[in-house]
Amino acid sequence: MSVGPRGRAHELEVAEIIRETADSVSLVLDVPDSLAHRFRYHPGQFLTLRVPVEDTGSAVARCYSMSSSPHLDDDLILTVKRVPGGRASSWLCDEVQVGDRLTVLTPSGSFFPRAFDEDFLLVGAGSGITPLMSIATSALMGGVRAVRLFYANRDPASVIFVDEIAELQAEFDDRFSVEHWHESERGLPSPDAMEAELAAWSGHRVWVCGPGPFMAVVEKAAESVGIPADRVHTERYRSLSGDPFADVDVTVVNDDDDAQVTVTLRGDTVDLAWPRSATLLDVLLAAGHDAPFSCREGECSSCACRVLSGDVTMRKNDTLVDSDIAMGLTLACQAVPRSEEITVTFDS
Ligand code: FES
């Protein structure tokens with residue numbers, strides 16, 4: 001069967017554009033009441049946008065995190081920083097206007113806290129602040145524990161959300177501390193500096209987002225000061241090689257050796273035969289269920305779900321980390337059965 005992006009792709013109107021810095025904007029998207037249930041999100045998640053390629057009629061897909069918090073904001077807000085020579089970010093920063101309609105997939109991603117009952121250390125650089133801002137706001141509004149933000153930027157003028165961060169500091173001065181690091185004054189954050197930062201806050205779970213080299217320094221520092229890998233969460237954006245907005249063909253061949261799977265998806269529970277050669281996502285799509293997905297390549301985590309009982313294995317996984325897998329998360333687009341009976345949920 002051929003499965004279109006129906007149920008996953010939607011058009012949202014740009015209600016407002018906020019110029020954050022010289023090279024970054026926030027796009028406030030209007031989510032109509034009829035789609036509100038589809039666009040509920042966790043702080044730290046992202047949207048996949050369809051970005052037209054000039055004069056060709058074709059498009060590419062790019063992922064951008066929400067900077068808004070479901071604990072504070074009624075609107076859904078994406079924040080985008082212009083990448084030099086980057087067609088998608090330039091289009092979003094320079095050409096999109098209020099009233100335009102953007103084609104997007106529903107929220108995705110596994111970079112979000114499952115609870116706010118422990119301390120957080122948020123470590124970001126540049127536009128990596130976007131999911132961290134959402135997490136910080138939610139942790140402060142929705143929890144009672146301490147939040148530390150280390151935020152590196154080129155110079156003071158390039159700091160996104162400088163006012164919003166200051167307002168949160170004023171409101172939560174006993175729980176929220178911030179270290180701004182400006183490369184214009186102190187150079188790039190060094191391994192020693194990051195080790196000192198992480199050692200001082202090593203009791204916190206660490207959430208990291210920024211350019212690749214920066215994240216590598218942070219991860220190395222975390223290892224050096226003895227923070228367990230399952231307490232270090234990272235968010236990396238990859239360009240999707242496929243087109244998540246295109247129709248996909250799904251074929252599932254049942255045989256006598258099929259496993260049995262019970263799946264909970266948006267409040268409904270179904271029982272299905274799961275052929276051992278088929279992925280869980282294909283089984284669901286072939287049966288007509290509107291399971292979430294984007295890349296189908298094990299790279300985006302849009303299809304992440306939790307195995308509650310039984311055993312699966314992933315053919316490929318470029319996005320879930322050990323701590324995700326330890327919590328039972330798997331990628332439906334890559335999961336094939338290992339046990340006879342399996343129970344899975346997409347709802348938590
Ligand atoms: S759809 Fe992207 S990882 Fe499964």
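Arg-276 and Glu-340 form a salt bridge between their side chains, with N and O 3.1 Å apart; a salt bridge here is a side-chain nitrogen of Lys or Arg within 4 Å of a carboxyl oxygen of Asp or Glu. Arg-276 sits in the loop between β15 (268–274) and α7 (280–286) and Glu-340 in the loop between β19 (335–337) and β20 (341–345), so the pair ties together parts that are 64 residues apart in sequence. Helices (H or I, at least four residues) and strands (E, at least two) are DSSP runs, numbered from the N terminus.

The model is predicted: local features need pLDDT of at least 70, side-chain atom pairs count only at pLDDT 80 or more, and totals for chains, interfaces and linings use all residues. Residues are numbered from 1 along each chain as its sequence is written, and side-chain values use heavy atoms, with hydrogens and water left out.

**Domains**

- The protein is divided into domain 1 (2–105), domain 2 (120–235) and domain 3 (248–345), with bounds that come from an automatic or database domain assignment.
- Between the C-alpha centres of domain 1 and domain 2 the distance is 24 Å.

**Where domain 1 meets domain 2**

- On the domain 1 side 19 residues are in contact with 19 residues of domain 2, contact meaning heavy atoms within 4.5 Å.
- About 1,300 Å² is buried between domain 1 and domain 2, and carbon and sulfur atoms give 61% of that area. Buried area is the accessible area (1.4 Å probe) that two parts lose on being put together, summed over both.
- One salt bridge is counted between these two domains.
- Arg-154 and Asp-23 have side chains that meet in a salt bridge, at 4.0 Å from N to O.
- Three residue pairs are in polar contact between domain 1 and domain 2, both residues being at pLDDT 80 or more. A polar contact is a pair of N or O atoms within 3.5 Å; within protein, one must be able to donate a hydrogen and the other to accept it, and residues adjacent in sequence count only if both atoms are side-chain atoms.
- The side of domain 1 that touches domain 2 takes at least two residues from each of β2 (9–21), β3 (24–30) and β6 (76–81).
- By residue type, that side of domain 1 has six nonpolar, 10 polar and three charged residues. Ala, Val, Leu, Ile, Met, Phe, Trp, Tyr, Cys and Pro count as nonpolar, Asp, Glu, Lys and Arg as charged, and the others, Gly among them, as polar.

**Salt bridges**

- The count of salt bridges comes to 21.
- Buried means under 20% relative accessible area, exposed over 50%, and partly exposed in between (1.4 Å probe, protein chains only).
- Arg-87 forms a salt bridge with Glu-95, with the closest N and O atoms 3.2 Å apart. Arg-87 is partly exposed at 30%, and Glu-95 is partly exposed at 40%.
- Another salt bridge joins the side chains of Arg-148 and Glu-179 (3.9 Å, N to O). Arg-148 lies in strand β9 and Glu-179 in strand β10 (residues 176–182), so this pair ties together parts that are 31 residues apart in sequence.
- Glu-179 is partly exposed, with a relative accessible area of 23%.

**Arg-148**

- Strand β9 (residues 147–153) contains Arg-148, which is buried at a relative accessible area of 10%.
- The side chain of Arg-148 also makes a polar contact with the side chain of Glu-197, at 2.8 Å.
- Leaving out residues up to four places away in sequence, Arg-148 touches residues including Phe-120, Leu-122, Trp-201 and His-204.

**Pro-131**

- Helix α2 (residues 129–142) holds Pro-131, and Pro-131 is buried at 0% relative accessibility.
- Beyond its neighbours within four places in sequence, Pro-131 is in contact with Gly-44, Ser-65, Met-66, Phe-111, Cys-209 and Tyr-237.

**Positive phi values**

- Phe-161, a residue other than glycine, has a positive phi near 65 degrees. Phe-161 lies in the loop between β9 and α3 (162–171) and is buried at 6%.
- Arg-266, also other than glycine, has a positive phi near 50 degrees. The loop between β14 (259–265) and β15 holds Arg-266, which is partly exposed at 40%.
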